[in-house]
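Visitor: Please show me the model, and then let us go through it question by question.

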Amino acid sequence: RNDLLRKPSWIRVRSSSSENYYEVKRLLREHKLHTVCEEASCPNIGECFGKGTATFMILGDLCTRRCPFCDVAHGRPKPPDPEEPLHLAQSIAAMRLKYVVITSVDRDDLRDGGAQHFVNCIREIRVHSPTTKIETLVPDFRGRLEIALEKLTACPPDVLNHNLETVPRLYKQCRPGADYNNSLKLLKDFKNNFPHIPTKSGLMLGLGETDEEIMEVLHDLRRHNVEMLTIGQYLQPSIGHLPVMRYVTPEAFKAFEHAALAMGFSHAACGPMVRSSYHADQQAHESGLL
Ligand code: SF4
Ligand code: SF4
């Protein structure tokens, strides 16, 4: 057991007191919006809010699944709020955000997994902030993949992100309810439908995987035409969550980044504090895809 693994010096929460940070916080309260940044106590919150970027959670804050690494609450979610797309779009316009990430809990209770609600949100944001770039970080739509992809055709995002999270051997333990091949298929099928829209995926290290297994996943992603990659360190949200099995050094993260670029990813962000949506705007621009 590695419960007693000590956090190394490179795991650091940067504090922020910039004006922008407080302004984003204030607007979030005023508009009653949920962000992953706050819900998951993301260590980058000071930096991201300071730069005016945030990851919004739609479709409620109760998930129909229970992944033991994740801090989102489990339960029976409410039906989608029909007012949410407009509300979200108006808030994004008021905050003058240039790049937003929209994500949701898993909605196995909905026939389309929530895809129509994603489309409604994208559409409203396009109306109210025509120049804002939208990245969607979608759930796996397992069992509803075809209908979900069809819905997204009506109003696709600028970047489609879906995280594999970990290596296939650990899926049963870490992502019960998910299926590795289904997630790869989602990424590949979306790319087939929209060859010009970048696809992106991410992994967390420290759940018990080996370096060789990580490399195999990177090859799988490239085989499924995924272009952008994020790899970060898993941090245990509470004692009740999966323990951290190892802390990967910043140098080892850099080595994964180099390997990924050599494999043909247009962009790879790999580092202890990297999260799926960390510097998302920068990642998209640097890869020349926006
Ligand atoms: Fe939010 Fe993502 Fe930034 Fe964390 S890395 S604060 S989740 S935008
Ligand atoms: Fe968390 Fe996503 Fe798993 Fe739900 S499906 S518990 S939101 S990781």
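Visitor: Which residues of helix 8 meet Leu145, Leu149 and Leu152 in helix 6?
Guide: This is a predicted model, and the answers hold for that model. Helix 6 contributes Leu145, Leu149 and Leu152 to its contact with helix 8. By class, that contact has 5 nonpolar, 2 polar and 2 charged residues. The residues on the helix 8 side are Asn182, Lys185, Leu186, Asp189, Phe190 and Asn193.

Visitor: Are helix 6 and helix 8 roughly parallel or roughly antiparallel to each other?
Guide: The axes of helix 6 and helix 8 are 11 Å apart, and the helices pack at an angle of about 30 degrees. The crossing of the two is right-handed. Angles under 35 degrees count as roughly parallel. Helix 6 and helix 8 are therefore roughly parallel.

Visitor: At what angle do helix 5 and helix 6 pack?
Guide: Helix 5 covers residues 115-128 and helix 6 covers residues 145-152, with axes 8 Å apart. Helix 5 crosses helix 6 in the right-handed sense. The packing angle is about 15 degrees. That makes helix 5 and helix 6 roughly parallel.

Visitor: Which residues of helix 6 meet helix 5?
Guide: From helix 5, the residues in the contact are Ala115, Gln116 and Val119. The contact of helix 5 with helix 6 holds 4 nonpolar, 1 polar and 1 charged residues. On the helix 6 side the residues are Ala148, Lys151 and Leu152.

Visitor: How many charged residues are in the contact of helix 8 with helix 9?
Guide: The axes of helix 8 and helix 9 (residues 211-223) come within 9 Å and cross at roughly 35 degrees. Tyr180, Leu184, Leu187 and Lys188 in helix 8 meet Val217, Asp220, Leu221 and Arg223 in helix 9. Sorted by class, the contact has 5 nonpolar residues and no polar ones, and the charged residues number 3.

Visitor: Is Arg175 buried or exposed?
Guide: Arg175 sits in the loop between helix 7 (171-174) and helix 8 (180-193). Beyond its neighbours within four places in sequence, Arg175 has contacts that include Asp140, His162, Glu165 and Ser183. Its relative accessibility is 8%, and a residue under 20% counts as buried. Arg175 is therefore buried.

Visitor: Which residues surround ligand 2?
Guide: The shell around ligand 2 has 4 nonpolar residues, no polar ones and 2 charged ones. Two of the shell residues, Cys67 and Phe69, are also among the contacts of Arg175.

Visitor: How many polar residues are in the shell around ligand 1?
Guide: Ligand 1 is surrounded by Cys37, Cys42, Asn44, Ile45, Cys48, Thr55, Arg275, Ser277 and Tyr278. The shell divides into 5 nonpolar residues and 1 charged residue, and its polar residues number 3.

Visitor: What is the phi value of Leu59?
Guide: Leu59 belongs to the loop between strand 1 (54-58) and strand 2 (62-63). With 3% relative accessibility, Leu59 counts as buried. Its phi is positive, in a residue other than glycine, and lies near 65 degrees.

Visitor: Where does Phe141 lie, and what is its phi?
Guide: Phe141 lies in the loop between strand 5 (133-137) and helix 6. Its relative accessible area is 3%, so Phe141 is buried. Phe141 is not glycine and has a positive phi, near 50 degrees.

Visitor: Which residues does Ser104 touch, apart from those up to four places away in sequence?
Guide: Ser104 is in strand 4 (residues 99-104). A relative accessible area of 11% makes Ser104 buried. Between the C-alpha atoms of Ser104 and Glu286, which are 182 residues apart in sequence, the distance is 26 Å. The residues that Ser104 touches are Ile58, Leu59, Phe118, Leu137 and Pro139.

Visitor: How far is the C-alpha atom of Ala255 from that of Gly271?
Guide: Ala255 is part of helix 10 (residues 250-263). Its relative accessibility is 43%, so Ala255 counts as partly exposed. Ala255 and Gly271 are 16 residues apart along the chain, and their C-alpha atoms are separated by 9.9 Å.

Definitions and conventions. Residues are numbered from 1 along each chain as its sequence is written. Chains are lettered from A and ligands numbered from 1 in the order in which they are written. This is a predicted model: local features need pLDDT of at least 70, side-chain atom pairs count only at pLDDT 80 or more; totals for chains, interfaces and linings use all residues. Side-chain values use heavy atoms; hydrogens and water are left out. Helices (H or I, at least four residues) and strands (E, at least two) are DSSP runs, numbered from the N terminus. Buried means under 20% relative accessible area, exposed over 50%, partly exposed in between (1.4 Å probe, protein chains only). A residue is near a molecule or strand if one of its heavy atoms lies within 4 Å of it. Ala, Val, Leu, Ile, Met, Phe, Trp, Tyr, Cys and Pro count as nonpolar, Asp, Glu, Lys and Arg as charged, and the others, Gly among them, as polar. Axes are lines fitted to C-alpha atoms, for helices over the stretch in contact, and angles run from 0 to 180 degrees between N-to-C directions. Angles under 35 degrees count as roughly parallel, over 145 as roughly antiparallel, 65 to 115 as roughly perpendicular and the rest as oblique. A crossing is left-handed if the near helix is turned anticlockwise from the far one by less than a right angle, and right-handed if clockwise. Contact means heavy atoms within 4.5 Å.
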